[in-house]
Amino acid sequence: MAIFLQFFLGLVAAVNPVGIMPIFVSLTNHMTVEEKRKVAITANISVAISLTVSLLAGQILLDMFSISLDSFRVAGGLLLLSIASTMMSGKLGEDKQNKQEKSEYVSRQQIGVVPLAMPLMAGPGAISSTIVYGSRYPGMLDTVGIIVTIVLFCTGAWLLFRSAPLIVRFLGQTGINVITRIMGLILGALGVEFIANGLRNLFPGLA
């Protein structure tokens with residue numbers, strides 16, 4: 001149970017749905033209430049599918065490229081630290097979306113998939129965390145538990161998006177920035193843990 005709670009909190013920190021809400025509000029500002037709900041559903045279903053595929057295929061990809069789990073932990077931890085540093089500086093999504101991606105989504109109808117689901121929500125941080133947990137706990141029950149955790153997380157994010165305009169108005173930009181920095185701190189701590197565990201196994205003498 002502790003594993004799934006840790007994974008859930010890691011997803012909350014990596015995805016930072018509260019920090020993404022202002023982006024969701026701005027992207028759907030011209031839409032009707034029904035269209036906004038469809039975008040929210042599409043985004044979170046896409047995230048659930050992306051993370052589940054990463055979970056099931058992650059170890060296969062590592063084996064294909066002959067990458068050890070510990071090496072991936074170190075790389076994933078460094079990536080989480082990079083994202084965490086931008087979050088703690090108060091940035092919202094710039095670290096997950098480059099200029100080309102920003103220009104591409106304007107001409108697309110399915111903004112629930114791009115850019116909301118990919119790369120803003122199911123970004124490199126969330127995907128690498130999912131692969132690490134899936135490889136670390138490969139048992140059938142653990143895999144099912146992680147998938148259930150992903151579904152619960154996406155359900156919670158969907159509920160947040162449905163009430164996004166009210167929450168953004170209540171918290172204000174300052175409140176959202178504070179939450180984003182706290183999530184960045186948590187994400188940074190998770191990245192340090194990934195790196196420490198990976199280095200400990202790669203170089204046993206360090207322990």
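A residue counts as buried when its relative accessible area is under 20%. Thr28, at 1% relative accessibility, is therefore buried. The model is predicted. Its mean pLDDT is 86, and 89% of the residues reach 70 or more.

**Thr28**
- Thr28 sits in the loop that links helix 2 (17-27) and helix 3 (33-64).
- Leaving aside residues up to four places away in sequence, Thr28 touches Lys36, Val39 and Ile111.
- Thr28 counts as buried because its relative accessibility is 1%, against a cut-off of under 20%.

**The salt bridge**
- Side chains of opposite charge can pair when their charged atoms come close.
- The count of salt bridges in this model comes to one.
- Arg73 and Asp70 form a salt bridge, with their closest N and O atoms 3.1 Å apart.
- Both residues belong to helix 4 (residues 69-88).
- Arg73 and Asp70 are three residues apart in that helix, so about one helical turn separates them.
- Arg73 is buried, and Asp70 is buried too.

**Confidence along the chain**
- Helix 8 (residues 140-162) has the highest mean pLDDT among the elements of the protein, at 96.
- Helix 5 (residues 99-105) has the lowest, at 49.
- Over residues 103-109, pLDDT stays under 50.
- For residues 103-109, the model has six contacts beyond four places in sequence.
- Where pLDDT is low, the predicted coordinates should not be read in detail.

Technical notes. Residues are numbered from 1 along each chain as its sequence is written. This is a predicted model: local features need pLDDT of at least 70, side-chain atom pairs count only at pLDDT 80 or more; totals for chains, interfaces and linings use all residues. Side-chain values use heavy atoms; hydrogens and water are left out. Helices (H or I, at least four residues) and strands (E, at least two) are DSSP runs, numbered from the N terminus. Buried means under 20% relative accessible area, exposed over 50%, partly exposed in between (1.4 Å probe, protein chains only). Contact means heavy atoms within 4.5 Å. A salt bridge is a side-chain nitrogen of Lys or Arg within 4 Å of a carboxyl oxygen of Asp or Glu. pLDDT is the predictor's confidence in each residue, from 0 to 100.
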